[in-house]
Amino acid sequence: METKNDYSDEEFMKLLDEFIASEIEDVEQPANEAEPKETIAEALEDEAAEEAVDEVEDEEEEEEDDSDNFLISDNELILNPNTTVKVEILPPVKRPREELDKLVGCRAIKERIDELLQLTRYNKMMSEMCPNAKQHSLSLHGIFTGRPGTGKTTVCKIYGSLLHQAGVLSKGHVVVAGRQVFVGSNWGDEERVVREVIGMAQGGVLMIDEAYLLNTEHKGDPAKLVIPLLMDILANEQQRDIAIVLCGYKAEMEHLLELNPGLQSRFPNKFDFPDFTVDELLDITLRRVKEYEYHFTRAAWVKYRSLLMQAYSVRDPQTWGNARFVANQLERIYLTHARRCVKAPKMDARHLHMLTPADIQPIEVTKPKARIGF
């Protein structure tokens, strides 16, 4: 018996297409098989986005490795069989550009550092795009002059990290050394010690504090050999992965340069750190107390400001501590505040972070010594 076809050929093909489409939609794809891209353009866009995310993650990992995971293999020097000295090694700064911008004052120093960084980046661009072109000579070594507490060590840490970010230094850490490290009680082995310190600072910055103490008036002083040794090492073209910074008081450092004319050409980058003004010291105060979530009451701030201005007006420029003075005063305030809070019968969270006039103690400052003579 024949069956009658009630559909035309066109209707039949349409129904067949719909049936096949519905069957395909019902088939489940394997869980580990990605859905096909609609277009090649979309696939390329997704791939580029994934690469961008990977680059950000890589940068974050590198940034973390440069600071939190910075390892100090050995920071001890053997001066003689019975004497060792520990060398201070400061790890890289996490976000050096932000830290530099947050510094109070130092405008001229920030501008000079920016100029150096721009030139290093320009040289890097030239080497990549025009490998046969002559590059500008660039010395990373510098001289920091200023009194204690003006930010020399802080800027030096940032300096090393910025040079590392720019691809000039391989690590960016800072090794702090001075006369006691290079000489100490050991005479006659200065060259070995200098080379070991240079080895510790390789890839970063060697900061020599109070560098003028390496050139005293005593003819037999073994420290006199340190600077010539450094000059010889710096003359080696292979010693490129290091920056050396000489620090000290301005007048004494200028005298050091006069006695060693060769230093002028080897250390062309000069940074002068002036004393902070009263307003800058007040700004530093507010930034430091904010780190602990403290705040001054109006009366406490007026008292603190008055005492600081008085201390500043009678300071001895040779012994004035600048930011260190502020740090020392805040430590006294914190101790007084803690003692008052502990003894109080009732204290809520709000008062624990409130600095009152009772917490502000008189500020002691060394006054200039009277001169005798006519």
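## Overall architecture

The secondary structure of this protein comprises 14 helices and 10 strands, taken as DSSP runs numbered from the N terminus (helices: H or I, at least four residues; strands: E, at least two). The model is predicted: local features need pLDDT of at least 70 and side-chain atom pairs count only at pLDDT 80 or more, while totals for chains, interfaces and linings use all residues. Residues are numbered from 1 along each chain as its sequence is written, and side-chain values use heavy atoms, with hydrogens and water left out.

| Property of the protein | Value |
|---|---|
| Buried residues (under 20% relative accessible area, 1.4 Å probe, protein chains only) | 36% of 374 residues |
| Contacts (heavy atoms within 4.5 Å) with a separation of 6 or more that join residues 24 or more positions apart | 74% |
| Accessible surface (Shrake-Rupley method, 1.4 Å probe) | about 24,100 Å² |
| Share of that surface belonging to carbon and sulfur atoms | 52% |

## Helix H7

Helix H7 covers residues 190-201, 12 residues in total, and spans 17 Å from its first C-alpha to its last. This is close to the expected 16 Å, which is 1.5 Å times one less than the number of residues. Its buried residues are Glu190, Val193, Val194, Val197, Ile198, Met200 and Ala201. Viewed down the axis of H7, these fall within an arc of 155°, so they line one face of the helix; the arc is that of the directions from the helix axis to the C-beta atoms. Glycine 203, with a positive phi near 90°, follows H7.

## Arginine 240

Arginine 240 is located in the loop between helix H8 (226-234) and strand S7 (243-248). Its relative accessibility is 52%, so arginine 240 counts as exposed (over 50%). Arginine 240 and serine 139 are separated by 101 residues in sequence, and their C-alpha atoms are 9.2 Å apart in space.
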